Amino acid sequence: MATFRLQGSKVLAVDMTGDAVKAKNGSMVAYDGQMAFKKMSGGGEGLRGMVTRRLTGEQMEMMEVKGQGTCYFADRASEINLVHLHGDKLYVESSNLLCTDGGLRTGTTFTGLRGASQGNGLFTTTVEGSGQVAIMSDGPAVVLRVTPAYPLSVDPGAYIAHQGNLRQDFQSGVTFRTFLGEGGGEAFQIRFEGDGLVYVQPSERNTVGGDV
């Protein structure tokens, strides 16, 4: 299995000994050794993934990298965070996914209206299995714990990913800025309940929900 490690906070180094990884297309910045690159039709595997992407617009252009040596990945100087999966599933915005172990399964899944946070339909990208995943954030990511006693509300513009046994509701007409009198138009908020982890970034992407 490939070994993921960070070079600083904005470059991912992946050591491979004949292994393969899947990475965001165009994210390779350097490599040593012998590497082969192959573009993949990302966002889901097989015919079902292709149909889902066409219906929802969930785009995830991926490439397969295989070889002997070390490959370095980065994207727009984003901060990189490593997530370890142990047979579980990670839900992540497609634009925040940088690299996964080659043996991990990627796909798309229906997550309710939360998917509207980036205007990419009602679906989000999933990564499932055992191995490592590198996700990106605009600024250092914060990992927040959700328990049955402590649910969590998140601005959709700051949401990156989540994992665990979590339920999510997409609430309209509510935003953090509403309370400050700075909101404009219809706005949204995600509420997580259950037991798991939510990854958020200290900045907000543009959303289809108006000024959130």
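A nonpolar core, as the term is used here, is a set of buried Ala, Val, Leu, Ile, Met, Phe, Trp, Tyr and Cys residues joined through side-chain atoms within 4.5 Å. Buried means under 20% relative accessible area, exposed means over 50%, and partly exposed covers what lies in between (1.4 Å probe, protein chains only). The structure is a predicted model, so local features need pLDDT of at least 70 and side-chain atom pairs count only at pLDDT 80 or more, while totals for chains, interfaces and linings use all residues. Residues are numbered from 1 along each chain as its sequence is written, and side-chain values use heavy atoms, with hydrogens and water left out.

Overall, the chain holds 1 helix and 12 strands. These elements are DSSP runs numbered from the N terminus, with helices being H or I over at least four residues and strands being E over at least two. Read from the N terminus, the order is β-β-β-α-β-β-β-β-β-β-β-β-β. Of the 212 residues, 50% count as buried. The accessible surface comes to about 9900 Å², and 52% of that belongs to carbon and sulfur atoms; such areas come from the Shrake-Rupley method with a 1.4 Å probe, and for residues only the protein chains shown count as cover. Contact means heavy atoms within 4.5 Å. Among contacts with a separation of 6 or more, 77% are made by residues 24 or more positions apart.

What about the inside? In soluble globular proteins, nonpolar side chains tend to be buried together. Here, the largest nonpolar core has 17 residues, and Leu-12, Val-14, Val-21, Phe-73 and Cys-99 touch the most other members. Strand 2, strand 4, strand 6 (97-101) and strand 8 (123-137) each give it two or more residues, with strand 2 supplying the largest share, 5 residues. Val-14 shows who meets whom: leaving out residues up to four places away in sequence, it touches Ala-2, Thr-3, Phe-4, Val-21, Gly-69, Thr-70, Cys-71, Phe-73 and Cys-99. There is also a second, separate core of 13 residues, which includes Leu-90, Leu-104, Val-127 and Ala-161.

Tyr-72 sits in strand 4 (residues 62-73). Tyr-72 and Leu-6 are 66 residues apart in sequence, yet their C-alpha atoms are 9.4 Å apart in space. Beyond four places in sequence, the residues that Tyr-72 touches include Arg-5, Val-11, Leu-12, Val-29 and Ser-27. Ser-27 itself belongs to the loop between strand 2 (11-24) and strand 3 (28-40). With a relative accessible area of 0%, Ser-27 is buried, and its contacts outside four places in sequence are Met-63, Tyr-72, Phe-73, Ala-74 and Leu-98.

The loop between strand 4 and strand 5 (79-92) contains Arg-76, and Ala-77 lies in that loop too. Most residues other than glycine have a negative phi. Phi of Arg-76, however, is near 50°, and phi of Ala-77 is near 60°. Arg-76 is exposed at 68% relative accessible area, and Ala-77 counts as exposed at 51%.

Finally, a search of the whole structure turns up 2 aromatic pairs. In one of them, the ring centres of Tyr-159 and Phe-192 are 5.9 Å apart and the planes meet at 20°, so the pair is stacked. Rings of Phe, Tyr and Trp (its six-membered ring) pair if their centres lie within 6.5 Å; planes under 30 degrees apart count as stacked, over 60 as edge-to-face and the rest as tilted. The pair joins distant parts of the chain, with Tyr-159 in strand 11 (residues 159-172) and Phe-192 in strand 12 (residues 188-200), 33 residues apart. Both Tyr-159 and Phe-192 are buried.
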